[in-house]
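Let's take a walk through this structure together. Have the sequence and the 3D view open side by side as you read.

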Amino acid sequence: MSYVDGFVLAVPKANLDAYKKMATQAGAIWKEYGALAYVECIGDDVPYGEITSFPRAVQAKDDEVVVFAWVVYENRQSRDAVMAKIMVDERLKADWPTMPFDGKRMIFGGFQPFIEL
């Protein structure tokens, strides 16, 4: 069964083009190393919930959009191998002061699917 890394983050609307450029480059590298799919989505119907919601989870501000992204791998072993390469790839070294989003508010994790239809 496959393995999935998921991400949720807030991106300032003014930085959206820079984020899309960065994500496109990152996605190509993930795929180069063996990811099966790389998807980035901009929140379109993500209401601010009373108790919990995507915007609340990443402390999205009025001038930000929520981005939901995921990467699919063949399995956990494949994911770990891809991530080992990603972590040392000079093309993906983070320059935190110039990143087009606040990485401290990004949520991420690895998930083992239990249903695939």
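How much space lies in the largest pocket? The answer is about 850 Å³, and, as you follow along, please keep in mind that this is a predicted model.

Now look at what surrounds that space. The largest pocket is lined by 34 residues, and those nearest its centre are Trp30, Leu92, Trp96, Met99 and Met106. Several elements each give two or more residues to this lining: strands S1 (3-12), S2 (37-42), S3 (64-73) and S4 (107-111), together with helices H1 (16-32) and H3 (76-88). H1 provides the largest share, with 7 residues. Sorted by class, the lining has 24 nonpolar residues, 6 charged ones and 4 polar ones.

Next, turn to the strands. In what order do the 4 strands of the open sheet stand? They follow the order S2-S3-S1-S4, with antiparallel pairing. Because S2 and S4 stand at the edges and have a single partner strand each, one side of each is left without a neighbour in the sheet. On average, neighbouring strands here are turned by 15° against each other, direction ignored.

As for how such strands hold on to one another, strands of a sheet pair through backbone hydrogen bonds, in either a parallel or an antiparallel way. You can trace this pairing between S1 and S3, which run antiparallel and are joined by 10 bridges. A handy place to start is Asp5, whose bridge partner in S3 is Val71.

Finally, come back to H1. This helix lies across S1, S2 and S3, and it runs at about 165° to S2.

Notes
Residues numbered from 1 in each chain as written. Predicted model: local features only at pLDDT ≥ 70, side-chain atom pairs only at ≥ 80, totals over all residues. Heavy atoms only, no water. 1 Å grid on protein atoms, 1.4 Å probe; cavity = no way out; pocket = protein on both sides within 12 Å on 5 of 7 lines; lining within 4 Å. Points joined across faces, edges and corners; volume = space filled by probe spheres on them. Nonpolar A, V, L, I, M, F, W, Y, C, P; charged D, E, K, R; others polar. Pairing = 2+ DSSP bridges. Axes fitted to C-alpha atoms, helices over the stretch in contact; angles between N-to-C directions. Contact = heavy atoms within 4.5 Å.
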